[in-house]
Amino acid sequence: MMPVLNTILDSVVDTIAPPTPAFENFIYHWEKFMVNYLEWTTDGQFSQTHIEETNVPGHLEIVQQILLCEDKNEETATNLCMEYVLKNDLFNMLAVIAEKEKLIGIRILVLKYMTNLISQLRNPVLAHPSFFVTIQRLISLCDSVLYNKHQQDQIHFLYMLCTLLNNQQNISIMFFSCEANMYHLKESKAPSTESRTFNRLNLLDCVLTYINTKNTDVYYKCCNCILLLTKLNDENVIDFIISKTRLCSTLSEHFRNLFCALPTTLDYNGLETIELNWRDDYNATYSNDVTKFFCWLNFITEVIRDGQLKISYSLCESLRLLFFIKLFDTPEQISPSYVFLLKKIYKAADHTPLNYTMNYWLRSELDCSYYNKQTPIDILIKLSSNTDDIFVFNILNFFIDVLIDSDKEVLDFIILRFVNNRNYYERCTSGTWSDEEDEREKKLLSNENNINTSRTLAPSSIDRIINRLLALIPQNLHSDQLHTFKDHITNVKNNYENIFDRCTKLDWPTEALDSVQLYDFDQGPFLRMIFEKISNIPNQNSSTTLQLKIILIFLSSLPHPYLHEYLLNSTLPLKRNVPSLYTILCHVLKELHKKILAFPNYNEELIQARKRILNSTSIKLLKEKDSEVILFNNAVILEELCKELVAVLFVKYHHSNSA
């Protein structure tokens with residue numbers, strides 16, 4: 001009853017007596033605060049009393065109100081109370097009291113007090129030794145590992161501080177630099193023994209202790225703190241974050257832990273198109289492991305995209321070392337789910353430094369005894385021979401994204417280094433293979449007016465090449481006689497212009513010229529895998545055929561003269577045993593034709609298959625198990641492939657001529 005009675009008496013005195021000057025009132029309540037605190041913590045003993053049972057909170061609340069009212073009063077020339085606080089190091093005294101916590105609840109009381117103060121003062125002088133040392137002490141008291149019962153209040157203090165530093169970036173280095181910490185601790189009036197026992201924790205590392213919180217609100221504030229601190233533009237802060245904090249390793253390890261916690265077999269229903277946002281979709285109570293992973297992926301890509309570039313690159317390198325290079329440590333780990341998740345990560349990394357890191361990792365040799373210096377690309381190409389349709393589907397889907405990204409080094413590693421010469425071409429010992437080839441060579445050497453026109457992409461034999469491709473499709477296999485290659489031209493033209501613009505910076509040659517040195521031709525493991533799967537179309541799932549079509553149309557659309565000539569110019573004489581897309585398609589379509597004609601109602605089946613294909617995606621076709629349906633689906637997909645290849649030839653020809 002006594003604390004309540006004392007509060008009532010104070011209120012009565014305040015009501016009867018005339019108003020006390022603010023400064024005197026401040027001194028009175030500060031002294032009352034200290035007297036009340038000491039009454040409960042005499043002889044250095046830890047009190048078992050909770051702070052709410054004392055008058056301590058009431059007096060500290062009034063002290064806070066006086067400071068804030070004085071700060072907001074524009075008529076006051078000087079802030080006497082604040083000057084007194086800073087001069088006598090009262091804030092640091094509060095921090096020491098909070099550290100000792102001899103009264104139950106005093107730590108959180110002080111933390112809330114300082115949070116309210118720094119968030120409401122018009123210009124909190126954080127650089128002042130009294131302010132700075134106090135805040136440094138409180139940062140260390142907010143370590144979630146040590147004190148996790150009051151995470152809400154602790155992270156709120158850290159968040160307010162991060163917000164202030166974002167607005168006062170000129171002083172941000174003070175909360176990261178060890179030299180600044182030591183200087184201000186020496187300047188502090190707190191006893192030297194107090195300073196020595198003070199365990200300093202930098203602001204960012206303190207925030208990172210909340211990564212595994214089970215409280216959604218705390219999680220949001222923790223993530224926002226990280227975003228704010230990684231945007232600070234002081235070079236010294238950036239260097240300190242990279243070299244002296246655990247930001248990169250902590251974020252990477254958390255990413256790896258969430259990845260490892262995922263189920264070995266995923267339910268892909270809806271996951272193909274899922275795009276979760278960490279601000280909207282994460283709930284610590286209800287989120288499952290899949291949601292947690294995708295939300296963290298969204299957050300970490302936001303840090304990489306919006307943070308300072310040096311921090312982003314450092315974080316990406318940490319992800320490479322702590323996550324990516326460990327992905328293929330053992331063959332047992334690699335599953336359809338692994339490849340699916342890899343594709344989702346690659347998709348999320350688009351237009352960020354993480355994209356470059358992943359492309360570098362994909363073509364780098366793995367230091368793993370089992371794979372003997374193979375690269376992830378090599379491993380995935382070999383795994384694509386798996387009989388599991390889902391496995392193959394995810395691998396091809398991943399390769400589609402990698403190819404469409406059009407990274408020069410990756411395209412070169414996967415395909416172009418194998419076809420970046422004319423060693424596929426059979427040179428004639430007597431004469432040339434055609435007068436047209438002779439004419440092309442002459443124009444290349446002599447016609448300066450057509451220097452921008454690629455005769456490889458726009459050959460004079462274009463009509464012959466197009467007609468040979470169109471003739472590949474037997475009349476009996478046409479599912480729609482009215483739908484021709486011309487119906488694809490608009491879409492192909494838009495896609496090609498987009499691809500051409502992106503590839504202009506890749507510094508590719510414009511013509512396919514004879515190589516000075518002659519070697520045996522090898523199309524490389526990727527094109528070999530693609531050709532093998534095309535050859536197997538009559539016996540494989542139509543989802544694979546649709547993915548092959550996407551890959552071939554993209555590769556054919558690349559303005560690379562050697563790849564273009566090798567894939568699309570069926571009139572070019574090739575060396576013996578050199579496979580070509582044209583001959584493989586010819587063989588496959590003949591086999592399909594033979595099988596389809598065995599069905600009495602094949603015309604109707606082709607029409608129905610066309611409707612299915614137009615209304616389906618690869619993921620839907622993956623579920624089809626009926627061999628007859630798959631056969632007709634594959635026939636329609638190949639029909640459209642040939643038409644689109646013709647459209648690509650047509651568009652490239654006119655685009656090159658118009659250049």
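This is a predicted model: local features need pLDDT of at least 70, side-chain atom pairs count only at pLDDT 80 or more; totals for chains, interfaces and linings use all residues.
Q: Why is the pair Arg246 and Glu253 called a salt bridge?
A: The N to O distance between the two side chains is 3.4 Å, and since the criterion asks for a Lys or Arg side-chain nitrogen within 4 Å of an Asp or Glu carboxyl oxygen, the pair qualifies. It is one entry in a search of the whole structure that finds 22 salt bridges.

Q: Why are Arg246 and Glu253 described as partly exposed?
A: Buried means under 20% relative accessible area and exposed means over 50%, with partly exposed in between. Arg246 has a value of 44%, and is therefore partly exposed; Glu253, at 26%, is therefore counted as partly exposed as well.

Q: How do you know that Glu565 and Arg422 form a salt bridge, and which parts of the chain does the pair link?
A: Their side chains meet at 2.7 Å, N to O, which lies within the 4 Å limit for a salt bridge. The pair links distant parts of the chain, with Glu565 in helix 28 (residues 561–568) and Arg422 in the loop between helix 22 (408–419) and helix 23 (435–446), 143 residues apart. Both Glu565 and Arg422 are buried.

Q: Why is the pairing of His483 with Arg610 called a polar contact?
A: The side chains are joined at 3.1 Å, and the pair is so named because the cut-off for two N or O atoms is 3.5 Å. His483 lies in the loop between helix 24 (462–470) and helix 25. Not counting residues up to four places away in sequence, His483 touches His488, Arg610, Glu640 and Lys643.

Q: How many cavities of 30 Å³ or more does the structure hold, and what lines the largest cavity?
A: The structure holds one cavity of 30 Å³ or more, and the volume of the largest cavity is about 40 Å³. Its lining consists of Leu469, Leu567, Leu568, Ser570, Leu581, Tyr582, Leu585 and Leu645. Helix 28 and helix 29 (581–596) are the elements that give two or more residues to this lining, and the largest share, three residues, comes from helix 29.

Q: Why does Leu568 count as buried?
A: Leu568, which is placed in helix 28, has a relative accessibility of 2% and therefore counts as buried, the limit being under 20%. Apart from neighbours within four places in sequence, Leu568 is in contact with Ile465, Ser556, Leu645, Val648, Leu649 and Lys652. Leu568 and Ile465 are 103 residues apart in sequence, while their C-alpha atoms are 7.9 Å apart in space.

Q: What makes the phi angles of Asp89 and Asn577 worth a remark?
A: Most residues other than glycine have a negative phi. Asp89 is not a glycine, yet its phi is positive, at about 60°, and Asn577, also not a glycine, has a positive phi of about 70°. Asp89 is found in the loop between helix 4 (80–87) and helix 5 (90–100), whereas Asn577 lies in the loop between helix 28 and helix 29.

Q: Are Asp89 and Asn577 buried or exposed?
A: Asp89 has a relative accessible area of 9% and is therefore buried, whereas Asn577, at 74%, is therefore exposed, the limits being under 20% for buried and over 50% for exposed.

Key: Residues are numbered from 1 along each chain as its sequence is written. Side-chain values use heavy atoms; hydrogens and water are left out. Buried means under 20% relative accessible area, exposed over 50%, partly exposed in between (1.4 Å probe, protein chains only). Helices (H or I, at least four residues) and strands (E, at least two) are DSSP runs, numbered from the N terminus. A polar contact is a pair of N or O atoms within 3.5 Å; within protein, one must be able to donate a hydrogen and the other to accept it, and residues adjacent in sequence count only if both atoms are side-chain atoms. Contact means heavy atoms within 4.5 Å. On a 1 Å grid over the protein atoms alone, a cavity is a set of points where a 1.4 Å probe fits but cannot get out, and a pocket is an open set with protein on both sides within 12 Å along at least five of seven lines; lining residues have an atom within 4 Å of a point. Grid points are joined across faces, edges and corners, and a volume is the space filled by probe spheres set on the points.
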